[in-house]
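Colleague: Before I use this model, I would like to go through the terms attached to it and hear what each one rests on.

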Amino acid sequence: MSEQMIPGIVPQKDGSYMISFELPNGACMTPEILETLAAISRQHNCLVHVTTAQKIMLLGMDFDQARDVLKRLEEAGLSVRKTRDLSQPRVCVGKPYCKLALQDTFSLAQYFYERLSRKPIAPKMKVAVAGCPACCSWANIIDVGFVGVKSGWKVFIGGHGGARPVLAEEMGKVTSHEEAAALLERIADLFTSEVKKKARLSHIIKRMGVDEFKRRVGL
Ligand code: SF4
């Protein structure tokens, strides 16, 4: 297997290599993970970056370092994304921590993570969970966002960032984790079946029309 072909080790523009690992809820940072990170960073002197997707990225390694780091992260039980899948949602702290929160974000995001994180997905569809309409996790500027309200979760669909950002539109409401995950799975399936090469959900919705999109995902 050549240097560029080990899944999880990503070549960078400057010739170095990068590895990122998931941190579900941006909150599962145990003392053991911190110790693993400290040992790796001390030994390999790599840059540790907290990404906007709430993952940990290790940068500035040569290939042999990256191979060693990948092995150690996996031995520590950490999840390095190796194929294109739904991965972890971006999430704010929610109940019971935030004084404005209307819903418990960690439990919904964890439910998504356990049920759907390894689901294959076309490039690219992102998910966020916010505990109230303030949307600190940008759940209203993302492909699929769940926004806590008193009686459940409003579902925002079709947003994205980038050079030409688009606000998501409120398209429905769910009241349980099961209902939310089932909807997310139907949207992911539709998205993957409709993408030719690379797209965002807003492109698919524009092409098929909002009514047809809603009909096909059961909204
Ligand atoms: S979105 Fe609401 S619940 Fe979440 S951190 Fe922001 S203010 Fe708190």
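Colleague: How far apart do the C-alpha centres of domain 1 and domain 2 lie?

Modeller: The C-alpha centres of the two domains lie 27 Å apart. This is a predicted model, in which local features need pLDDT of at least 70 and side-chain atom pairs count only at pLDDT 80 or more, while totals for chains, interfaces and linings use all residues. Residues are numbered from 1 along each chain as its sequence is written.

Colleague: What makes these domain 1 and domain 2?

Modeller: The domain assignment of the protein gives domain 1 as 3–75 and domain 2 as 90–217, and such bounds come from an automatic or database assignment.

Colleague: How many residues of each domain are in contact with the other?

Modeller: Six residues of domain 1 are in contact with six residues of domain 2, where contact requires that the C-beta atoms, placed from the backbone, lie within 7 Å. On the side of domain 1 that touches domain 2, three residues are nonpolar, three are polar and none is charged; here Ala, Val, Leu, Ile, Met, Phe, Trp, Tyr, Cys and Pro count as nonpolar, Asp, Glu, Lys and Arg as charged, and the others, Gly among them, as polar.

Colleague: What classes make up the shell around the ligand?

Modeller: That shell has 10 nonpolar, two polar and no charged residues. The residues around the ligand include C92, C98, C132, C135 and C136, as well as G94 and G131, each with its C-beta atom, placed from the backbone, within 6 Å of the ligand.

Colleague: Why are the buried residues of α5 said to line one face of the helix?

Modeller: In α5 (residues 201–208), L201, I204 and I205 are buried, that is, each has 20 or more other C-beta atoms, placed from the backbone, within 10 Å of its own. Seen down the helix axis, the buried residues of α5 fall within an arc of 95°, so they line one face; the arc is that of the directions from the axis to the C-beta atoms. Their cover includes β8 (152–157), α4 (177–194) and α6 (210–217), with helices (H or I, at least four residues) and strands (E, at least two) taken as DSSP runs numbered from the N terminus.

Colleague: What makes β5 and β9 edge strands in the open sheet?

Modeller: The order is β5-β6-β7-β8-β9, with mixed pairing, and two strands pair if DSSP finds at least two bridges between them. β5 (90–91) and β9 (169–174) each have a single partner strand, so one side of each is left without a neighbour in the sheet.

Colleague: How do β7 and β8 run, parallel or antiparallel?

Modeller: Six bridges join β7 (residues 144–149) to β8, and these strands run antiparallel, whereas the four bridges between β6 (residues 127–130) and β7 join strands that run parallel.

Notes: Contact = placed C-beta atoms within 7 Å. Buried ≥ 20, exposed ≤ 12 C-beta atoms within 10 Å, placed from the backbone.
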